[in-house]
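Trainee: I'd like to learn how to read a structure like this one. Could we walk through it feature by feature?

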Amino acid sequence: MDQNWMNFPRGSEGFKAALNIFLDGYFAKDAIGGKTFCPCKKCSMRFCHSRDVIYDHLIVDGFVKGFREWVVQREASSSTSNDMSGINDQNTYDDIDGLLHDTFIEVEEGLDGDQGVPSEPNEEARKFYKLVEEGKQELYPGCKTFSMLSFIIRLFLFQVLNGLSNAAFGDLLELLREAFPMARLPKSYNESKNIIKDLGLDYKKIHACPNDCILYRKKYEGADVYPKCEISRWKSKNVPAKVLRHFPLKPRLQRLFMCSKTAESMVWHDKERTKDDKIRHPADAQSWKDFDETYPDFKKEP
């Protein structure tokens, strides 16, 4: 379908007729439960609505900048993906539904499988239900740009990008709660962290030998002393002498691809890098090239 109609006056009959045809195909491909992401300027693919609501939004507000180009690219590649990396960087959105799906995919598969819905949800299912509800809650009554969950995630991004300490993060939360009492915000840094932890962005504490001989895990998990060096695991009662904090790599890589800005940066080494004999990036090094030759299938996916 020629997408030039998106530039027609929104009140014209040509625009309305083409919009109906577009929405028929858009919902046939992407709708779940009669709803899909709204591409209007205000929603910017952040919120899911029914067909009638999206129709009204597009008539009133028009399409978000960059959406027409993304549709053309999508049709050209015959892709059925919901990857919105083609949207202009200024219109980056938080894919909360995708985040929850990636984090709790086994839970969802268990609920949707042949066994039906279990009578008593397990712990992971309870976390899933809780986060789904938080993802649906408006930040404040009438807010259309953030859910409570997406705003907390954005605050953590702000903390990282600007080097805020945990104490400063807590002070910022206190200020926001004082200035906007109607907003649904956590009371402290720890409360915010507990929400993020359920999204798979936490670290795991593992006790370590003070001499770095072993990690107290697997067969040594219940041990108090490593037999070879005979150094105690404990500094004092229930206080470990050394702790390793393990940050799982896989979920963090998955999260980096959920935002159009960072997803674009994650494939820069393949799509945008100047490829000559000079070393400007780790991908220019011989070790990277050797790895690509050893694992050609892995190389195909930037």
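This is a predicted model: local features need pLDDT of at least 70, side-chain atom pairs count only at pLDDT 80 or more; totals for chains, interfaces and linings use all residues.

Trainee: What percentage of the residues in the protein chain is buried?

Mentor: Of the 302 residues in the protein chain, 32% are buried. The chain exposes about 19300 Å², and carbon and sulfur atoms supply 53% of that area.

Trainee: How many helices and strands does the secondary structure come to?

Mentor: You'll find 14 helices and 6 strands in the protein chain. As for how the chain meets itself, take the contacts with a separation of 6 or more: residues 24 or more positions apart account for 46% of them.

Trainee: Okay, aromatics next. How do I read a pair of rings?

Mentor: A pair of aromatic rings is described by two things, the distance of the centres and the angle of the planes. This structure holds 16 aromatic pairs. In one of them, the ring centres of tryptophan 5 and phenylalanine 22 lie 5.8 Å apart with the planes at 50°, so the pair is tilted. That pair links distant parts of the chain, 17 residues apart: tryptophan 5 sits in the segment before helix 1 (13-30), and phenylalanine 22 is in helix 1.

Trainee: Are tryptophan 5 and phenylalanine 22 buried or exposed?

Mentor: Tryptophan 5 is buried, at 4% relative accessibility, and phenylalanine 22 is buried too, at 8%. Now look at tyrosine 26 and phenylalanine 27, an edge-to-face pair with 6.2 Å from centre to centre and 85° between the planes. Tyrosine 26 has a relative accessible area of 5%, so it counts as buried. Phenylalanine 27 is buried as well, at 12%.

Trainee: Which residues form one aromatic cluster with these rings?

Mentor: The cluster is made up of Trp5, Phe15, Phe22, Tyr26, Phe27, Phe63 and Phe67.

Trainee: What about cysteines? How many disulfides does the structure hold?

Mentor: A disulfide is a covalent bond between the sulfur atoms of two cysteines. The structure holds 0 disulfides.

Trainee: Salt bridges, then. What's the idea?

Mentor: Side chains of opposite charge can pair when their charged atoms come close. A search of the whole structure finds 6 salt bridges. In one of them, arginine 51 pairs with aspartate 24, and the closest N and O atoms are 2.9 Å apart. The two are 27 residues apart and link distant parts of the chain, with arginine 51 in helix 2 (residues 51-61) and aspartate 24 in helix 1. Arginine 51 is partly exposed, at 23%, and aspartate 24 is partly exposed, at 47%.

Trainee: Where do aspartate 212 and lysine 242 lie?

Mentor: Aspartate 212 and lysine 242 meet in a salt bridge of 3.0 Å, N to O. Aspartate 212 is in the loop between strand 3 (204-207) and strand 4 (234-236), while lysine 242 is in the loop between strand 5 (239-240) and strand 6 (243-246). Aspartate 212 is exposed, at 57%, whereas lysine 242 is partly exposed, at 31%. Another salt bridge joins lysine 300 and aspartate 297, with 3.5 Å between the closest N and O atoms; both residues are exposed.

Trainee: And the surface: which residues make a nonpolar patch?

Mentor: Leu249, Leu253, Leu256 and Phe257 make a nonpolar surface patch of about 350 Å². Leucine 253 belongs to helix 10 (residues 249-256) and is partly exposed, at 36% relative accessibility.

Conventions:
Residues are numbered from 1 along each chain as its sequence is written. Side-chain values use heavy atoms; hydrogens and water are left out. Rings of Phe, Tyr and Trp (its six-membered ring) pair if their centres lie within 6.5 Å; planes under 30 degrees apart count as stacked, over 60 as edge-to-face and the rest as tilted. Helices (H or I, at least four residues) and strands (E, at least two) are DSSP runs, numbered from the N terminus. Buried means under 20% relative accessible area, exposed over 50%, partly exposed in between (1.4 Å probe, protein chains only). Contact means heavy atoms within 4.5 Å. Accessible areas come from the Shrake-Rupley method with a 1.4 Å probe; for residues, only the protein chains shown count as cover. A disulfide is a pair of cysteine sulfur atoms within 2.5 Å. Patches are made of residues with over 30% relative accessible area and no salt bridge: like charges are joined within 9 Å, nonpolar side chains (Val, Leu, Ile, Met, Phe, Trp, Tyr) within 5 Å. A salt bridge is a side-chain nitrogen of Lys or Arg within 4 Å of a carboxyl oxygen of Asp or Glu.
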